[in-house]
Amino acid sequence: MNDDIRALVERYSKPVPRYTSYPTAPHFHSGVDARTYARWLGDLPKHCSISLYLHIPYCDRLCWFCGCHTKHTLRYEPITAYLRALYAEIDWVSAKLGGGGRVTAIHLGGGSPTLLTPEDLLGLKAKLAASFHIADDVQISIEIDPNDLNEGRYDAMAQFCLTRASIGVQDFDPRVQKAINRIQSFEQTREVVEAMRSRGVSSVNLDLLYGLPFQTRIGLERTVEAALSLEPDRVTLFGYAHVPWMKPHQKMIPEEALPDKYERFSQAQSAAAILVEAGFDAIGFDHFARPSDCLAKAARAGRLRRNFQGYTDDRADALIGLGASSIGQLPQGYVQNITATGDYSRAVLDGQGATTRGYALTPADKLRALAISNLLCTFSLSDRDVSGFGAAGRALMSEAEAIALTDGDCLVEMRDGVFRVTDRGRPFVRTIAARFDSFFGQGTARHSAAV
């Protein structure tokens with residue numbers, strides 16, 4: 001790494017929000033509750049499109065790097081009990097929608113949704129079909145832990161009409177895997193990819209991480225090359241967020257083994273270069289997709305969006321989160337469910353909504369959200385983008401111009417009313433986006449990862 005790049009990393013590789021929402025989740029509050037959410041659901045247009053996210057907060061092993069809301073279990077009884085509560089919430093939401101809405105996307109996340117038995121997975125499919133109007137061309141995706149799977153589960157996912165499988169890899173280096181308690185061989189991963197392909201799943205995504213303990217640039221390059229040999233349609237390259245004050249199990253990871261910010265940057269840049277050289281389109285700052293993939297097509301057409309799953313081509317009017325800790329995004333704002341599974345279950349089984357906090361968007365929030373989303377999705381922001389916000393939009397573009405004028409590192413530029421992040425600035429786009437976050441500043445930085 002030359003001195004120029006090293007200086008940029010020093011100045012701009014700071015912890016900033018991932019901006020999967022704006023305002024970010026740490027700013028949600030209890031003023032938005034189940035009554036608010038019920039009203040928001042009832043106000044959705046009858047013909048709106050809906051995306052469903054279902055959270056299964058259980059794993060049969062706890063990966064020490066994980067930042068998700070999940071818990072370890074070696075018994076299936078807690079999952080059976082949880083599904084009863086999840087069904088109750090589905091009934092509650094369906095009743096508030098009053099038969100309105102059309103589901104165009106379903107995503108099962110966790111935790112490990114592949115822990116569900118084939119019978120329970122197909123029972124969940126039937127419950128959703130009975131409770132919502134599901135579009136004929138609905139896109140269905142699931143997060144997969146290869147260690148959970150067998151032929152019965154593969155077949156059940158096929159019967160669920162899965163269209164995309166997202167397979168957690170992280171890194172194939174055995175030393176790294178041991179340090180994060182995620183033992184998973186290349187052969188296991190290949191078996192899952194082949195099983196998905198043979199059952200007609202049209203899109204396979206592999207999740208990789210950089211910044212892990214004992215990880216090196218050369219080691220990550222080997223992992224990327226191995227991943228490419230599986231011919232995925234998409235690859236996500238996330239930076240590991242070490243937040244042991246939020247996730248105590250991360251204390252099991254030896255901090256002295258974590259790469260420093262310069263090594264993290266080198267890992268990310270080197271892995272990205274290999275993916276692009278292999279023919280993948282770079283999507284935003286952490287996704288890669290083959291040009292034929294719908295995500296790449298959406299990016300080229302200017303239809304790329306960002307939500308709690310990362311970059312997406314999902315254009316639904318509302319994202320409804322189901323399950324403990326799930327977050328929903330509606331035109332009026334954000335809602336989040338109770339995190340503790342016991343409290344969540346009691347609330348929904350008592351016939352109440354599970355919403356415990358959220359955020360009602362103001363016009364100023366919507367403007368900043370648009371600005372940050374555009375920067376993260378297209379690396380640009382124009383007068384036209386914010387024209388619907390009147391004087392507030394013009395003021396924001398004046399702020400953008402001031403940012404460009406004071407940029408001495410050639411990370412951004414302003415030409416003909418368009419604010420652009422340069423190729424040099426793209427690795428630091430989240431830090432640049434945070435400049436527009438004038439209402440909250442970088443108050444969420446402690447809860448986020450560095451570049």
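**Where two helices meet**

Guide: On the α3 side, the residues L83, L86, Y87, I90, D91 and S94 meet D120, G123, L124, K127, L128 and S131 of α4 (contact means heavy atoms within 4.5 Å; helices are DSSP runs of H or I of at least four residues, and strands are runs of E of at least two, numbered from the N terminus). Sorted by class, this contact of α3 with α4 comprises six nonpolar, three polar and three charged residues (Asp, Glu, Lys and Arg count as charged; Ala, Val, Leu, Ile, Met, Phe, Trp, Tyr, Cys and Pro as nonpolar; the others, Gly among them, as polar). The model is predicted, so local features need pLDDT of at least 70 and side-chain atom pairs count only at pLDDT 80 or more, while totals for chains, interfaces and linings use all residues. Residues are numbered from 1 along each chain as its sequence is written, and side-chain values use heavy atoms, with hydrogens and water left out.

Helix α3 spans residues 77-97 and helix α4 spans residues 118-131; their axes come within 10 Å and cross at roughly 15 degrees (axes are lines fitted to C-alpha atoms, for helices over the stretch in contact, with angles from 0 to 180 degrees between N-to-C directions). This angle makes α3 roughly parallel to α4 (under 35 degrees is roughly parallel, over 145 roughly antiparallel, 65 to 115 roughly perpendicular, and the rest oblique).

A second pair of helices provides another arrangement to examine. The axes of α1 and of helix α9, which covers residues 261-277, come within 10 Å and cross at roughly 110 degrees. Helices α1 and α9 are therefore roughly perpendicular to each other. By class, the contact of α1 with α9 has four nonpolar and three charged residues, and no polar residues.

We may now turn to charged side chains. In total, the structure holds 17 salt bridges (a side-chain nitrogen of Lys or Arg within 4 Å of a carboxyl oxygen of Asp or Glu). One of them joins the side chains of R75 and E77, at 3.4 Å from N to O. Another joins the side chains of R197 and D233, at 2.9 Å from N to O. R197 belongs to helix α7 (residues 186-198), whereas D233 belongs to the loop between α8 (217-228) and β8 (234-239), so the pair ties together parts that are 36 residues apart in sequence. The two partners can also be described by their accessibility. R197 has a relative accessible area of 31% and is partly exposed, whereas D233, at 14%, counts as buried (buried is under 20%, exposed over 50%, partly exposed in between, with a 1.4 Å probe and protein chains only).

E221 and R217 form a salt bridge, with their closest N and O atoms 2.9 Å apart. Both E221 and R217 lie in helix α8, four residues apart, which is about one turn of the helix. R217 is partly exposed, its relative accessible area being 35%. Elsewhere, salt bridges that share partners link R61, D145 and R182 into one network.

Beyond its neighbours within four places in sequence, Q177 touches D171, F172, R182, I183 and Q184. Q177 is located in helix α6 (residues 174-180), and its relative accessibility of 4% makes it count as buried.

Finally, let us consider the backbone in several loops. The peptide bond from Y22 to P23 is cis, with omega near -10 degrees, and P23 sits in the loop between α1 (3-12) and α2 (34-43). The bond from G110 to G111 is likewise cis, with omega near 15 degrees; G111 is found in the loop connecting β4 (102-110) and α4. F214 is not a glycine, yet it has a positive phi of about 65 degrees. Its place is the loop between β7 (203-210) and α8, and F214 is partly exposed, at 29% relative accessible area. F379, also not a glycine, has a positive phi of about 60 degrees and lies in the loop between α12 (363-378) and β17 (380-382). F379 is buried, with a relative accessible area of 5%.
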